[in-house]
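Please look over the model shown here. This report covers its sheet first, then its salt bridges.

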Amino acid sequence: MNRIDQRFSELKEQGRKALIPYITAGDPAPQYTVGFMHALVEAGADIIELGVPFSDPMADGPVIQKACERALKQGTRLVNLLDMVAEFRQVDTETPIVLMGYLNPIERIGYETFADKAASVGVDGVLVVDMPPEEADEFGPLLKARDLAAIFLVAPTTSHARAATICAHGEGYLYYVSLKGVTGAATLNADDVAEHLAPLREMTNLPLCVGFGIRDGVTAAEVAKVADGVIVGSALVNRIAESVEAPETIAGQLKSVLAEMRTAMDA
């Protein structure tokens, strides 16, 4: 069983919801990323989304765009990120890792080469923002053959018919974008999220995880009441941005932010 499926099975038995933090690999410099990942697990992360730095991240707001810029300036590339996962796996063989990013860096390496390497270092899922199911005919089977979950996004504006297509192709979990906009935008409304998740539950047995707009323990707990998982990115990446001159303090800050969310969700 894929580590993602195993983790959600365990959480269901415990009556708990998944807490899924996102950080951009290589931000503020490559040597810190693995330590941040371990800190997130210590604070209660169930799954980690590791962002692949890209020069034109269209779905991401200013906070994550700047994180990508910092990481790229430090020379972080997809191959370096895969090495980070391998290093993380030397200590942690249980926490699922999902790579989140855009198609261009993967195409540069080659679909099959990427899939082989990702599987070999211990990646569990891949979310490519600009590759919808309709365009995954070649890449999707390569992932599936290596037990790598192909994770897809659903937005508030997604039609019922297209949501059904996405659900049919998705694995691991479904990433529901709670807001019309980019990461770090606007204020989340949990009632609105619940209304949009209801028809999705009729289409799929995949866990429904909600991202965009999770800022603190209060919003994390509200979303956890209606979703199977809570995804937090900008709130963590912003802490990194605020402390780039003192990177040795960042791991502790990430743990503080995430632990607050974990406590609120479990309560």
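## Sheet

Two strands count as paired if DSSP finds at least two bridges between them. The model is predicted. In this model, strand E2 (residues 48-51) and strand E3 (residues 97-101) run parallel and are joined by four bridges. Leucine 50 stands opposite leucine 99 in E3.

These strands belong to an open sheet of nine strands. Its order is E5-E4-E3-E2-E1-E9-E8-E7-E6, and the pairing is parallel. Strand E5 (149-151) and strand E6 (153-154) are the edge strands, each pairing on one side only. Helix H1 (residues 3-14) packs on the sheet. H1 touches strand E1 (18-24), E3, E4, E5 and strand E8 (208-211). The direction of H1 makes about 140° with that of E1.

The structure holds 13 salt bridges. One of them pairs lysine 255 with glutamate 42, with the closest N and O atoms 2.8 Å apart. Lysine 255 lies in helix H12 (residues 250-266) and glutamate 42 in helix H2 (residues 33-42), so the bridge ties together parts that are 213 residues apart in sequence.

Lysine 255 counts as partly exposed because its relative accessibility is 30%. Glutamate 42 has a relative accessible area of 58%, so this residue is exposed.

## A buried pair

Arginine 89 forms a salt bridge with aspartate 124. The closest N and O atoms are 2.9 Å apart. Arginine 89 lies in helix H4 (residues 78-89), while aspartate 124 lies in the loop between helix H6 (111-121) and strand E4 (125-128), so the pair ties together parts 35 residues apart in sequence.

Buried means under 20% relative accessible area. Arginine 89 is buried because its relative accessibility is 10%. Aspartate 124 is buried too, at 4% relative accessibility.

## A partly exposed pair

Glutamate 134 and arginine 162 meet through their side chains in a salt bridge of 3.0 Å, N to O. Glutamate 134 lies in the loop between E4 and helix H7 (139-145), and arginine 162 in helix H8 (residues 160-169), so the pair ties together parts 28 residues apart in sequence.

Glutamate 134 is partly exposed, with a relative accessible area of 44%. Arginine 162 counts as partly exposed at 32% relative accessibility.

## A salt-bridge network

Which residues are linked in a network of salt bridges? They are Arg16, Asp46, Arg262 and Asp266.

Technical notes:
Residues are numbered from 1 along each chain as its sequence is written. This is a predicted model: local features need pLDDT of at least 70, side-chain atom pairs count only at pLDDT 80 or more; totals for chains, interfaces and linings use all residues. Side-chain values use heavy atoms; hydrogens and water are left out. A salt bridge is a side-chain nitrogen of Lys or Arg within 4 Å of a carboxyl oxygen of Asp or Glu. Helices (H or I, at least four residues) and strands (E, at least two) are DSSP runs, numbered from the N terminus. Buried means under 20% relative accessible area, exposed over 50%, partly exposed in between (1.4 Å probe, protein chains only). Contact means heavy atoms within 4.5 Å. Axes are lines fitted to C-alpha atoms, for helices over the stretch in contact, and angles run from 0 to 180 degrees between N-to-C directions.
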